[in-house]
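Biologist: I would like to go through this model step by step. Please put it on the screen first.

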Amino acid sequence: MARESLNLMQGTLDVLILKTLSWGAMHGYAVSRWINQRTDEVLVLEDAALYQALHRLERKGWVEAEWGVSENNRRAKYYRLTTIGRRQLSAQTATWREYAAAVFKVLETA
């Protein structure tokens, strides 16, 4: 059980990135900015962790990347969700909802 919980915690960034990319293709900085803004600046991603996660998701086939030009007219790698990535997002979302509900049952116990 402890091993599964640890894997779930390590998967936090993956599911956040997958959800972010479900809105459309984005470069890394835009992914980080979207998560930061969506969480009212509670979650701030370190660049190294973000890009390691994006590359890991790309190796798994959950995201695809191609080079493009950013809104600042700079070369940037844009990531988009694949069909497999959408299925993975759905599965991970269900798991996270169950996990969060269980944690809140404990936290809300009087």
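Biologist: In which hand does H3 pass H4 in this crossing?
Modeller: The model is predicted. Gly-28, Tyr-29, Val-31 and Ser-32 in H3 meet Leu-50, Tyr-51 and Leu-54 in H4. Where H3 passes H4, the crossing is right-handed.

Biologist: Is H3 roughly parallel or roughly perpendicular to H4?
Modeller: The axes of H3 and H4 are 10 Å apart, and the packing angle is about 115°. Angles of 65 to 115 degrees count as roughly perpendicular, so H3 relative to H4 is roughly perpendicular.

Biologist: How many charged residues are in the contact of H3 with H4?
Modeller: Five residues of this contact are nonpolar and two are polar. The number of charged residues is none.

Biologist: Is Ser-70 buried or exposed?
Modeller: Ser-70 sits in the loop between strand E2 (63-69) and strand E3 (75-81). Beyond its neighbours within four places in sequence, Ser-70 is in contact with His-27, Ala-76 and Tyr-78. The relative accessible area of Ser-70 is 13%. The cut-off for buried is under 20%, so Ser-70 is buried.

Key. Residues numbered from 1 in each chain as written. Predicted model: local features only at pLDDT ≥ 70, side-chain atom pairs only at ≥ 80, totals over all residues. Heavy atoms only, no water. Helix = DSSP H or I, 4+ residues; strand = E, 2+ residues; numbered from the N terminus. Buried < 20%, exposed > 50% of the residue type's maximum accessible area, 1.4 Å probe, protein only. Contact = heavy atoms within 4.5 Å. Axes fitted to C-alpha atoms, helices over the stretch in contact; angles between N-to-C directions. Parallel < 35°, antiparallel > 145°, perpendicular 65-115°, else oblique. Left-handed = near helix turned anticlockwise from the far one by under 90°. Nonpolar A, V, L, I, M, F, W, Y, C, P; charged D, E, K, R; others polar.
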